[in-house]
Amino acid sequence: MVKRKLKNLTSAVIIAAMIGGFFNLAGQKVLADETNTNFNYGEALQKSLMFYEFQRSGKLPTDKRDNWRGDSGLDDGKDVGLDLTGGWYDAGDHVKFNLPASYTLAMLGWSLYQNKDSYTKSGQLKYLTDDMKWCSDFLMKCHPSPDVFYYQVGDSGLDHVWWGPAEVMQMKRPSFKVDDDNPGSAVTAQAAAALAVTSMNFKDNDADYAAKCLSHAKDLFNFSDKTRSDKGYTAANGYYSSTSFYDDLSWAACWLYLATNDKTYLDKAESYVDNWSREQQTDTISYRWGMCWDDVHYGAQVLLAMLTGKQVYKDSVERNLDYWTVGYDGNRVQYTPKGLAWISSWGPLRYSLATAFLADTYSKWSGCSTDKSKTYEDFAKSQVDYALGSSGRSYVVGFGVNPPQHPHHRTAESSWFDQKTVPGYSRHTLYGAMVGGPNSDDSYEDDVANFNQNEPACDYNAGLVATLSSMYGKYGGDPIANFNAIEKPTNDEFYVEAAVNAKDRNFEEIKAKIYNKTGWPARVTDKLSFKYFIDISELVKQGYKASDVKVTTNYNEGGTASQLIPWDEKNNIYYVNVDFTGTKIYPGGQSAYRKEIQFRMTAPDKATWDNSNDFSYTGVEETPGNDPTLDKNIPVYDAGTKVYGNEPKGNTIIGDINGDGVVNGRDLMELRKYLAGKTTDIDMTAADINGDGIINGRDLMELVKKISN
């Protein structure tokens with residue numbers, strides 16, 4: 001049980017509260033229904049917030065809690081001479097849409113305003129405010145002047161034809177704006193609302209930042225109110241098309257009133273109500289849909305009811321909430337057999353969870369009809385419980401029983417092949433992401449290709465997070481201590497496959513492919529190289545030198561092959577350095593994530609060369625069709641640093657018998673074991689301390705001296 005604290009409201013809002021009891025949560029106690037099983041709302045809240053960290057674009061902070069997201073979208077805005085880096089990727093794609101992003105930020109901010117105690121007690125306040133600031137910083141970057149707003153970064157068509165992680169995007173990412181000549185009132189009003197809510201939540205701890213947000217919010221609202229048109233908002237059509245802007249204006253004006261105590265904004269909010277959508281052939285405000293990025297009049301009317309106490313808004317709110325619960329005038333939302341209030345085949349959970357938050361918020365208000373409060377409260381719990389697993393499966397990744405394993409999310413899937421079927425599983429756990437949800441019969445397909453049911457999105461999680469903050473306040477729960485998303489890679493990120501392309505008495509030709517399957521994080525490399533090691537001892541015995549071997553290239557995709565380079569001249573070990581510097585190799589498609597080279601090493605005509613003793617040849621197989629196979633003895637380097645494979649024990653450190661790079665007591669122990677006949681696995685060159693070609697007690701004495709010094 002948790003007592004609610006009355007919010008510190010401005011004087012005007014307190015007057016409104018006297019009329020309607022605005023946000024009157026004081027002294028209320030709510031007990032869990034003992035007939036229901038409560039979920040761990042603390043863990044669910046924690047994970048659902050972490051999802052927004054995975055959605056971040058731009059230069060990521062050093063305190064990030066995962067090892068698989070990296071910097072991305074660092075050139076965003078350069079096409080228009082601005083820095084438009086940052087913000088959130090919308091869903092399972094890489095476009096930054098500011099209409100749903102602004103809606104998301106406003107909903108998260110509303111939940112913080114309502115349920116700050118929940119975030120504080122659960123230890124999630126820092127993560128929520130960091131998430132909010134990540135988005136609000138971006139929205140303000142997108143607003144470089146009062147009557148200009150960049151509402152989208154990224155081309156939806158170009159983005160959706162490529163399936164790969166955000167860190168290695170190569171497509172063009174144009175920026176799209178609205179201005180006086182081509183306005184977009186819906187998106188600018190939504191941004192105004194988002195920044196107004198943010199300013200309210202930051203004013204006590206960061207007054208300067210709050211003032212900055214509020215300034216942008218006012219300008220964006222004025223821009224939206226002045227233009228009242230969406231004719232310039234075109235790039236998002238087909239993805240986030242706007243059907244109205246009057247609901248957005250009311251929504252924004254309500255939040256600006258709460259942020260400023262300027263009644264002009266409240267009057268503005270009410271002035272747009274006549275332009276809200278109506279049920280067909282009636283004067284009744286639309287009630288048979290749900291709160292979402294495209295229709296925020298449902299949230300606006302809850303605010304107006306609480307701010308004014310007027311019956312017209314109370315009636316409209318309760319019509320909508322009755323429709324979602326007990327039914328209204330013979331109309332009721334459809335329910336699945338297992339209890340989801342189901343309104344759409346595309347992302348039904350987004351609507352039920354957003355409505356759940358409205359229902360729970362309204363149920364706590366003293367102006368809510370007494371006989372309906374418990375119904376609305378129970379509805380909110382039932383819907384969040386459905387998302388968490390009351391049907392027998394969770395719809396939140398990484399939470400509960402049988403959660404989604406294959407969300408439609410490019411970066412989480414982390415394909416290197418530009419295909420949803422490769423690798424055939426999600427390489428990363430997208431903790432906290434709520435997917436779209438089931439069909440009306442509760443059937444659900446956990447398939448990466450099913451974007452209707454299995455794609456997460458920022459706006460989907462907004463209702464989930466908001467409702468969870470209420471559930472945690474009522475029923476508690478235990479967040480996981482020191483929770484993070486640090487993963488162990490499921491595959492080698494770099495490697496080389498090789499095969500014998502051709503060979504004869506005095507030459508050998510190698511076909512080799514170098515791979516970049518990075519995912520922790522995915523990254524573009526243009527300084528990869530590998531070393532192919534050979535042993536020319538038999539050529540030396542025939543009187544030849546390393547310089548007598550010529551290396552030529554038959555075929556290459558951006559690499560160069562060196563002549564022989566000494567590695568351990570004493571033992572006739574050399575290598576060919578194959579360098580792809582300047583060639584981009586990245587996990588972005590069949591021709592992008594691997595590059596091939598064919599190089600030939602040729603000795604003089606009269607020489608006989610047996611390659612079977614070559615260090616790198618030991619992993620090369622002669623296969624039908626000369627198909628390359630994995631060779632761990634061909635090490636890979638990124639900008640000169642070894643990132644994969646084995647090197648021969650060349651460049652020997654005398655005394656480093658166990659090969660760990662240092663000479664110490666461990667080497668002494670290994671030499672003693674060798675002299676006692678207990679092991680043969682030592683570096684013989686390193687063990688011949690006095691250089692007489694024999695490993696015996698004299699070497700032991702010399703090693704003792706070496707360590708002592």
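Modeller: Let's start with a term: a residue is buried if its relative accessible area is under 20%, exposed if over 50%, and partly exposed in between, using a 1.4 Å probe and protein chains only. This is a predicted model, where local features need pLDDT of at least 70, side-chain atom pairs count only at pLDDT 80 or more, and totals for chains, interfaces and linings use all residues. Residues are numbered from 1 along each chain as its sequence is written, and side-chain values use heavy atoms, with hydrogens and water left out.

Biologist: Okay, so are Trp 251 and Trp 255 buried or exposed?

Modeller: Both Trp 251 and Trp 255 are buried.

Biologist: How do I read a pair of rings?

Modeller: You describe two aromatic rings by how far apart their centres are and by the angle of their planes. Here, rings of Phe, Tyr and Trp (its six-membered ring) pair if their centres lie within 6.5 Å; planes under 30 degrees apart are stacked, over 60 edge-to-face, and the rest tilted.

Biologist: How many aromatic pairs does that rule give?

Modeller: The count comes to 36 aromatic pairs. One of them joins Phe 202 and Tyr 209, which are tilted, with 5.3 Å centre to centre and 55° between the planes. Phe 202 is buried at 10% relative accessible area, and Tyr 209 is buried at 8%. Then there are Trp 251 and Trp 255, an edge-to-face pair at 5.9 Å and 85°.

Biologist: Why are Trp 251 and Trp 255 separated by about one helical turn?

Modeller: Because they are 4 residues apart in helix 8. Helices here are DSSP runs (H or I, at least four residues), strands are E runs of at least two, and both are numbered from the N terminus. Ring pairs also link Trp 251 and Trp 255 with Trp 110, Tyr 113 and Phe 357 into a cluster.

Biologist: What about charges over rings?

Modeller: A charge sits over a ring if NZ of Lys or CZ of Arg is within 6 Å of the ring centre and within 35 degrees of the ring normal. The charged end of Arg 65 does this with Tyr 127, 3.6 Å from the ring centre, and Lys 381 lies over the face of Tyr 475 at 5.3 Å.
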